[in-house]
Amino acid sequence: MFKVTKRDPSMKISIVVPFVSFFCALAVGGVLLAIAGVNPLNAYISMLRESLGSFYGFTETLVKATPLILTALGLTIAFRMQLWNIGGEGQLAMGAFGATYVALYSGLTNHVLLMICMFAAALMCGGLWGAIAGFLKARLNVNEVITTLLLNYVALSWVDYLVYGPWKDPKGNNFPFTAYFSDGARLTEFFGTRLHSGLILGLVMAVILYVFLEKTIWGYEIKVIGSNPKAADYAGMNSKRQIIMVLFLSGALAGLAGFSEAAGLQHRLQHGIPGGYGYTAVIVAWLGKRHPAGVIIVSLVMGILLVGGEGLQLYHRLSGNLINAYLGLILFFLVIGEYFVTHKVELVKR
């Protein structure tokens, strides 16, 4: 018979298992491709060629990775403290809302001042949206999975109300988006492509977050509170205040992803601006082992999948739902793999 026991995971197991889980997902995804009538090997080669085989494809991969980096960094803070923030989608949308308000209605024209105010507005809107769940968790012990998930729908409905209603561009042929931002309210674009300085913002935030998590007392407190709240309280750490602060910062980084998308890519607020990045970032944060460097690497891999998936839709006429199935498979195998990181199965005699 089989017996499942807990174990202390080694560094090797912690690194290898997520990648094994990822390749298992690709193997099962290959079966789905075969059922759809597409040669899996040709499909994967096509995905790599589309995302990395040209300079344009590579820049598009970086464009897709940018909001994932910022949002997943925010989730990483929460996950380090064993707080399950599933609200990246809504926090990103609220960040885009804050940046758009400044861009369209502040009356500012100076580029530097506009960027600073849009950055601050996105940070505060996303952060406060996360802090709502933090306050409910700290004061009333409301499950943060439920509150962050439900707040997604509120945020997306609020954005839809604006783009279908008072903020809708009268010259937009009745499409659900605002007027375009002025040139002063846009992030810098590079090489004549859609790649913009939001990527630099994400990399800088990753370095800052690494320093705070790994080199400061605050980062140490987050780990202690997440692993043993009672010991943290006994040591004099204010767990309730830290819960609110961590979810504020988590939402703030996701809000900066909204700023990046609105000011760097779309140049306006529009329906569906989060684009599913908030949910995909959950996978990124887990595969990246809740570490800033891991988040950057996995975001690039996800960028390859997303750009390559668009190529599959275009050249092989596959449904976009197939890419969503891939992401679901990755998460499914990741959860299974995470279990076997901390548990082992032994064959024992009766």
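Ser319 is partly exposed, with a relative accessibility of 43%. The model is predicted, and 5 salt bridges are found in it.

**Loop residues**
- Ser319 sits in the loop that joins helix H12 (292-315) to helix H13 (321-342).
- Between the C-alpha atoms of Ser319 and Val295 there are 28 Å in space, with 24 residues separating them in sequence.
- His267 belongs to the loop between helix H10 (239-266) and helix H11 (277-287).
- His267 counts as buried because its relative accessibility, 10%, is under the 20% cut-off.
- Beyond its neighbours within four places in sequence, His267 has contacts that include Tyr180, Phe181, Arg186 and Glu261.

**Salt bridge Glu60–Arg194**
- Glu60 pairs with Arg194 in a salt bridge whose closest N and O atoms are 2.7 Å apart.
- Glu60 is in helix H3 (residues 55-80) and Arg194 is in the loop between helix H6 (144-164) and helix H7 (198-215), so the bridge links parts 134 residues apart in sequence.
- Glu60 is buried at 6% relative accessibility, whereas Arg194 is partly exposed at 37%.

- Glu214 and Arg80 form a salt bridge through their side chains, at 2.7 Å from N to O.
- Glu214 is in helix H7 and Arg80 in helix H3, so this pair also ties together parts 134 residues apart in sequence.
- Glu214 is partly exposed at 28%, and Arg80 is buried at 14%.
- Shared partners join Arg80, Glu214 and Lys223 into one salt-bridge network.

**Salt bridge Glu144–Lys137**
- The side chains of Glu144 and Lys137 form a salt bridge at 3.3 Å, N to O.
- Glu144 is buried, with a relative accessible area of 4%.

Note on methods
Residues numbered from 1 in each chain as written. Predicted model: local features only at pLDDT ≥ 70, side-chain atom pairs only at ≥ 80, totals over all residues. Heavy atoms only, no water. Helix = DSSP H or I, 4+ residues; strand = E, 2+ residues; numbered from the N terminus. Buried < 20%, exposed > 50% of the residue type's maximum accessible area, 1.4 Å probe, protein only. Contact = heavy atoms within 4.5 Å. Salt bridge = Lys/Arg side-chain N within 4 Å of Asp/Glu carboxyl O.
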